[in-house]
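Hi everyone, thanks for making time today. I'd like to walk you through a structure that may be new to you, so please take a look at it with me.

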Amino acid sequence: MADFDGLFFTEVLVGGLLSGVMYSLVAIGFVLIYKTSGVLNFAQGAMLLFAALTFVSLTERGLSFPLAFAATFAIMIVLGIGIERAVLRPLTNKPPITLFMATLGLSYVIEGAAQLVWGTQVHGLDLGVEDVPFDVAGVFISQFDIFAAVVAIGLVAALSAFFRYTRIGLGFRAVADDQFAALAVGFKLHWIWASVWAAAGLVALVAGLLWGARSGVQFSLSLIVLKALPVLVLGGFDSIIGAIVGGLLIGTSEKLAEVYIGDYFGGGIEGWFAYVVALFFLLVRPTGLFGQKLVERV
């Protein structure tokens, strides 16, 4: 520990936290769907890809950023409502594994539709923010990571305000607590589901733009969904706060592990270390840090 570099440790830690914010964005899309309908939406990654590919294809055809964003958002709303009506509604009250397999199949359908409409070529995406570091008290932080964190915080704040202060948001919280009680007091369950799927489409759009700007808009972008799974295990599948905290924990743990113990395993542990952490949590706390505990009465 004599040669421990505090500035370097802080730099790695901050980089991990900012990466974790990007993971949280993807995980929030899962939480929105799971919290209201109990469906683990494995198609969230495909929705992320579809949104990013649609946006970048529209801008390449001459649309301005605001128009392309608005058009893509409208398309994602239609897609989300269509998924709810065509897939979720007919499978109401089916076993969870049936719903999961439906969303898994849906992910391939969405990816195929994206390929059919927009092609298979890789697209570059420039959001006007360079991925270059700048010095903050001796700690180098990526400008793009800070930009992504600010966008993520703004999106979470907007979603929180929407679900707290609007009637649809009240319905969302009622359905999340008790679907039958929500129905009994007059909330339209299918309308709430459709609204939540539309909100998940917005999250997919924002996450798709940020990840697409970092790594290019390509079909491997849909695999980012795999990064969200350890986040959900840590934070809990039904907690937005859990998705945020879980993302931060996963981001920091994998960065620190890669830097400080990666050499002992031959390097490259950043890709799988998050799953080790998730497995540990499954063994000691299956519901995650903020997940709802299920109590069985004998």
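Before we start, one term: a helix here is a DSSP run of H or I with at least four residues, and helices are numbered from the N terminus. Please also keep in mind that this is a predicted model.

So, how confident is the predictor? The average pLDDT for the protein is 84, and 93% of the residues score at least 70. Confidence is highest in helix H2, residues 44-60, at 91, and lowest in helix H7, residues 179-184, with a mean of 68.

Now let's go inside. The largest nonpolar core holds 83 residues, and Val26, Leu32, Ile110, Leu210 and Trp211 have the most contacts within it. Helix H8, residues 189-215, gives this core its largest share, 16 residues. What does isoleucine 110 touch, leaving aside neighbours within four places in sequence? Its contacts are Ala43, Ala46, Met47, Phe50 and Ile83.

Finally, the surface. There is a nonpolar patch of about 1100 Å², with members including Phe8, Leu223, Tyr260, Phe265 and Trp272. Helix H10 (240-260) and helix H11 (273-284) each contribute at least two residues to the patch. Tryptophan 272 sits in the loop between H10 and H11. Tryptophan 272 counts as partly exposed because its relative accessibility is 39%, between the 20% and 50% cut-offs.

How values were computed
Residues are numbered from 1 along each chain as its sequence is written. This is a predicted model: local features need pLDDT of at least 70, side-chain atom pairs count only at pLDDT 80 or more; totals for chains, interfaces and linings use all residues. Side-chain values use heavy atoms; hydrogens and water are left out. Patches are made of residues with over 30% relative accessible area and no salt bridge: like charges are joined within 9 Å, nonpolar side chains (Val, Leu, Ile, Met, Phe, Trp, Tyr) within 5 Å. Accessible areas come from the Shrake-Rupley method with a 1.4 Å probe; for residues, only the protein chains shown count as cover. A salt bridge is a side-chain nitrogen of Lys or Arg within 4 Å of a carboxyl oxygen of Asp or Glu. Buried means under 20% relative accessible area, exposed over 50%, partly exposed in between (1.4 Å probe, protein chains only). pLDDT is the predictor's confidence in each residue, from 0 to 100. A nonpolar core is a set of buried Ala, Val, Leu, Ile, Met, Phe, Trp, Tyr and Cys residues joined through side-chain atoms within 4.5 Å. Contact means heavy atoms within 4.5 Å.
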